[in-house]
Amino acid sequence: MKIRSVDINNRRKEFSVLTYSGIRYTFPYAKSTPRPDTSNRIESVFVDKELANEAITYVLQSSDEGSIHIEQILEYNEDPAYLADLLTYKLTLEAQQRIESSGLSRRQIAKRLNTSLPQLYRLLDSANTRKSMNQLVTLLHVLNCHVDMVVKNKAAV
């Protein structure tokens, strides 16, 4: 996700980030490092082109500099799509680790999944966000894993 613009709100002590999809997110100063405060205010803030417009960078009066990636902002704001992608990513990493320790070849695993080897590689690609949870659960089942989802209230986490 790319960032279009960033503003600061010193009264609320937060950054206000606008994405190209038109969604505005906030991120508090308290979660940033180095942390701006009344004795060390933000001198400038900008969308960092060197970080592919996926982060903001700010400079404090003390010349300290900090960057905040869009993933930190999405996680803080509990963006549902980002959290779903994060869960898929974690399941993918677990599947990769289980394959390494299973002793089975990737060809055998693909055969048990009734799919092709290239499709298995796409399923194991952590950058691929177009796979389904169903595919990952099936893969983990083939690897002798029991996958159980637990849903909790946010206060319990």
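Begin with helix 3, residues 106-113, whose buried residues pack against helix 2, helix 4 (117-124) and helix 5 (133-142). Helices (H or I, at least four residues) and strands (E, at least two) are DSSP runs, numbered from the N terminus, and contact means heavy atoms within 4.5 Å. Before going on, note that this is a predicted model, in which local features need pLDDT of at least 70 and side-chain atom pairs count only at pLDDT 80 or more, while totals for chains, interfaces and linings use all residues. Residues are numbered from 1 along each chain as its sequence is written, and side-chain values use heavy atoms, with hydrogens and water left out.

Now show the side chains of I109, A110 and L113, the buried residues of helix 3. Because they cover an arc of only 100° around the axis, they sit on the same side of helix 3; the arc is that of the directions from the helix axis to the C-beta atoms. Turn to the face away from this buried side and you find the exposed residues R107, K111 and R112. Here buried means under 20% relative accessible area, exposed over 50%, and partly exposed in between (1.4 Å probe, protein chains only). Just after helix 3, stop at N114, which takes a positive phi of about 60°.

Next, select F15, I56, I68 and I73. These have the most contacts inside the largest nonpolar core, which has 17 residues. Such a core is a set of buried Ala, Val, Leu, Ile, Met, Phe, Trp, Tyr and Cys residues joined through side-chain atoms within 4.5 Å. Strands 1 (3-9), 2 (14-19), 3 (24-28), 4 (42-47) and 5 (55-60), along with helix 1, each supply at least two residues of this core. A second, separate core of 15 residues includes L91, L113, L139 and C145.

Which residues does I56 touch, leaving aside its neighbours within four places in sequence? Among them are I3, F15, F46 and I68.

Finish in the loops. Between strand 3 and strand 4, find P34; a cis peptide bond joins T33 and P34, with omega about 0°. In the loop between strand 1 and strand 2 lies K13, a residue other than glycine with a positive phi near 55°. K13 counts as partly exposed, at 48% relative accessibility. The last stop is S63, in the loop between strand 5 and strand 6 (65-69). S63 is not a glycine either, yet has a positive phi of about 75°, and at 59% relative accessibility S63 counts as exposed.
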